[in-house]
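Q: Can we walk through this one together? I'd like to start with charge pairs, then move on to helix packing and the surface.
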Amino acid sequence: GDWSRGPTMPFLTQEKLAVMAFDHKYASSGCSVLDGLIMQKFWNYIVAFLPLKHDPGATFHWSAPNTMTLGGLMCTFIPTMVLVYYCPDLESTAPTWVYVLNAAGIFIYQTLDALDGKQARRTGSSSSFGELFDHGCDALSCILGTLGSAVCLQLGYSWSSFILMMCACVAFCGAHIQSYYKGSLTFGLFDVTEIQFLGIFLYMMCAVGDANFWNTELYGVPLKLVPAWFTIVLTSLIILGNMYVTSTRKPVSYASTKVHEIWLGPLLEIGLATGWFASSRHLFNGYDFVLFMLAIGVLNAAHALSLIIAHMAQAAVGWQVLLRFLPLALCATASISQLVPVRQAIHMCLALNLVIFFHYSISVCYQISTFLGIRIFKVGAPTAKDTRKN
């Protein structure tokens, strides 16, 4: 594998690894409007330009599916961090080039996210690892993209900012909870691609016109609340739809975790984050809100990985996954009770959640890539053989 050979915790048993490697097959249903009309044609055209032959002696391949996936994440992470640097209070304006950079970053991320799977199939390097790596990077991009949109709209440390970002987190987990019960990932007519283009539109409006445009009022309502609450309402309806489907439809045979148990994680996240935000919002200053939402987003990404792995390994979602909400609960309690200043509590929460996320993600990546016999950032078919008895 490409990861350090240091000690990693064996989160996955050999049986689960075998199911992920040999039994799981990626499945999706539905197609959004833009994907069906334009984007699939564009992506199929672009992927044809990527090389099929690669130097086996190279350290990594730039056109390897996982390299493209990680590159896409960086195209979201770097522009968002530049934007936050200029607008830490989520109310300031940034130079024009920063908005253009963010719009370009979303488009490049969207393109690479669509091409990685197509390139994997072209080069015969498709694997369960690639699917997991793709979803893991998507989980981080989800909160980064939403944070950038809140900065662009100058929402500040408001309830609109907080609810928008919590909706994004819960919707991401909700999609994979539904996938766990249905056996496939479902896409609606208005889905990720459309939301990404909405983000590009917001950034270009700020770049081409006046960034303060969103502060103008329409019938007494700040214009910035229109796209924010349109997204919030739409995302909330999607989440309620996920809850309805998982509660009423017959699940696939391996989905043994009860519905109320699997939704407990996102609901716990909402409760703890809302309580902390409500009690401490007036104390936020500088980068506090950004770091607070990144702490929630990283935690959400780790939890989403657990849901995705349970789906791919056809296993139950163990109650142990809820233990990772403990740092959030402790830091929130310490901050609300004024045992620790709010800024220090946020820093501790983010640091602990980053350790949890990277320890978990690196451990499972190392386990799966080693089991499959693949190099993460190189093109190559898995060499693992199914030695299980029928």
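A: First the cut-off: a salt bridge here is a side-chain nitrogen of Lys or Arg within 4 Å of a carboxyl oxygen of Asp or Glu. Keep in mind that this is a predicted model.

Q: How many salt bridges does that rule give?
A: The count comes to three.

Q: Which residue does Arg388 pair with, for instance, and how far apart are the closest N and O atoms?
A: Arg388 forms a salt bridge with Asp386, with 2.9 Å between the closest N and O atoms. Asp386 is partly exposed, at 40% relative accessibility.

Q: Where do Asp23 and Arg388 sit in the chain?
A: In distant parts of the chain. Asp23 is in helix α1 (residues 14-23), and Arg388 is in the segment after α13 (342-372). They are 365 residues apart.

Q: Is Asp23 buried or partly exposed? And Arg388?
A: Asp23 counts as partly exposed at 36% relative accessibility. Arg388 counts as partly exposed too, at 35%.

Q: OK, what does Arg343 pair with?
A: Arg343 forms a salt bridge with Asp288. The closest N and O atoms are 2.8 Å apart.

Q: Which parts does the pair tie together?
A: Arg343 lies in helix α13 and Asp288 in helix α11 (residues 288-312), so the pair ties together parts 55 residues apart in sequence.

Q: Is Asp288 buried or partly exposed?
A: Asp288 is buried, at 3% relative accessibility.

Q: Which residues of α10 are buried?
A: Gly265, Pro266, Glu269, Ala273, Trp276, Phe277 and Ser280.

Q: Why do you put them on the same side of α10?
A: Because they cover an arc of only 110 degrees around the axis. As background, an α-helix has 3.6 residues a turn, so residues three or four places apart point the same way.

Q: And what covers those buried residues?
A: The cover includes α6 (159-182), α9 (259-262), α11, α12 (326-336) and α13.

Q: Take Ser335. Which helix is it in, and is it buried or exposed?
A: Ser335 is found in helix α12. At 7% relative accessibility, Ser335 counts as buried.

Q: What is Ser335 in contact with, leaving aside neighbours within four places in sequence?
A: Trp276, Ser280, Val340, Val342 and Ala345. Trp276 and Ser280 are among the buried residues of α10.

Q: Last topic, the surface. Which residues make the nonpolar patch?
A: Tyr85, Tyr86, Trp97, Leu101 and Tyr287 make a nonpolar surface patch of about 530 Å². The elements that give two or more residues to the patch are α3 (65-86) and α4 (96-123).

Q: Where does Leu101 lie, and what is its relative accessible area?
A: Leu101 lies in helix α4. Leu101 is partly exposed, with a relative accessible area of 32%.

Conventions
Residues are numbered from 1 along each chain as its sequence is written. This is a predicted model: local features need pLDDT of at least 70, side-chain atom pairs count only at pLDDT 80 or more; totals for chains, interfaces and linings use all residues. Side-chain values use heavy atoms; hydrogens and water are left out. Patches are made of residues with over 30% relative accessible area and no salt bridge: like charges are joined within 9 Å, nonpolar side chains (Val, Leu, Ile, Met, Phe, Trp, Tyr) within 5 Å. Accessible areas come from the Shrake-Rupley method with a 1.4 Å probe; for residues, only the protein chains shown count as cover. Helices (H or I, at least four residues) and strands (E, at least two) are DSSP runs, numbered from the N terminus. Buried means under 20% relative accessible area, exposed over 50%, partly exposed in between (1.4 Å probe, protein chains only). The arc is that of the directions from the helix axis to the C-beta atoms. Contact means heavy atoms within 4.5 Å.
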